[in-house]
Amino acid sequence: MKGATVAMLAMIAMALLMVHQTEAINCGDLVTMLRPCVGYLQSGGTPTNECCNGARRLQGATQSQADRRTACNCAKSAAGQFKVRQDTATSLPGKCGISSTIPINPSVDCNRLLDMNNNGGATTWCGVSPPE
């Protein structure tokens, strides 16, 4: 009985890993997560708790370099569509107490996105210097 339980747990763990590996962020996800930030990104002020929670969820959803590049391209497109101010976009991670590798910038080169792990742990914004 103990062997069957261990085997069942191993199968469940493998299934969860397979599901997790196939999950990928898309533009709809990014817009949903950052929708509460639109007012702040357009007008400034202080981001809401809902905005910061969305930014944290985005950070958690972009662990792989492929996900960060996809999110970067989505954010690039959304920044132009929503007329995002660059100053508020670059200050959002700091105001929410997070670091981010996903810039919200309509002129960023997302193909230059670097992996944080390959950059000594430093935050790298897709071809843009990180905010001070």
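Colleague: What do the buried residues of α5 pack against?
Modeller: They pack against α2 (27-34) and α4 (49-61). Keep in mind that this is a predicted model.

Colleague: Which residues of α5 are buried?
Modeller: Asp67, Arg68, Ala71, Cys72, Cys74, Ala75, Ala78 and Ala79.

Colleague: How far apart are the end C-alpha atoms of α5?
Modeller: They are 24 Å apart. Helix α5 has 17 residues, so at 1.5 Å a residue it should span 24 Å, and the two values agree.

Colleague: And what follows α5?
Modeller: Lysine 83 does, and its phi is positive, near 55°.

Colleague: Is glycine 80 buried, exposed or partly exposed?
Modeller: Glycine 80 is partly exposed, because its relative accessible area is 36%. It lies in helix α5.

Colleague: New topic. How many disulfides are there in the whole structure?
Modeller: The search finds four. Counting bonded cysteines along the chain, the pattern is 1-6, 2-3, 4-7, 5-8.

Colleague: Which cysteine is joined to cysteine 27?
Modeller: Cysteine 74, with S to S at 2.0 Å. Cysteine 27 lies in helix α2 and cysteine 74 in helix α5, so the pair ties together parts 47 residues apart in sequence.

Colleague: Is that link left-handed or right-handed, and why?
Modeller: The disulfide of cysteine 27 and cysteine 74 is left-handed, because the torsion about its S-S bond is about -80°.

Colleague: How accessible are the two ends, cysteine 27 and cysteine 74?
Modeller: Cysteine 27 is partly exposed, at 41% relative accessible area. Cysteine 74 is buried, at 5%.

Colleague: What about cysteine 37 and cysteine 51?
Modeller: A disulfide joins them too, S to S 2.0 Å. This link is right-handed, with 105° about the S-S bond. Cysteine 37 is in the loop between α2 and α3 (38-43), and cysteine 51 is in helix α4. Cysteine 37 is buried at 0% relative accessible area, and cysteine 51 is buried at 0% as well.

Colleague: And where is serine 100?
Modeller: In the segment after α6 (86-95). Serine 100 is buried, with a relative accessible area of 11%. Its side chain reaches the backbone nitrogen of isoleucine 102 at 3.0 Å.

Colleague: Last one. What is the mean pLDDT?
Modeller: The mean is 77, and 67% of the residues reach 70 or more.

How values were computed
Residues numbered from 1 in each chain as written. Predicted model: local features only at pLDDT ≥ 70, side-chain atom pairs only at ≥ 80, totals over all residues. Heavy atoms only, no water. pLDDT = per-residue confidence, 0-100. Helix = DSSP H or I, 4+ residues; strand = E, 2+ residues; numbered from the N terminus. Expected span 1.5 Å × (residues − 1). Buried < 20%, exposed > 50% of the residue type's maximum accessible area, 1.4 Å probe, protein only. Contact = heavy atoms within 4.5 Å. Polar contact = N/O pair within 3.5 Å; in protein donor to acceptor, adjacent residues only side chain to side chain. Disulfide = S-S within 2.5 Å.
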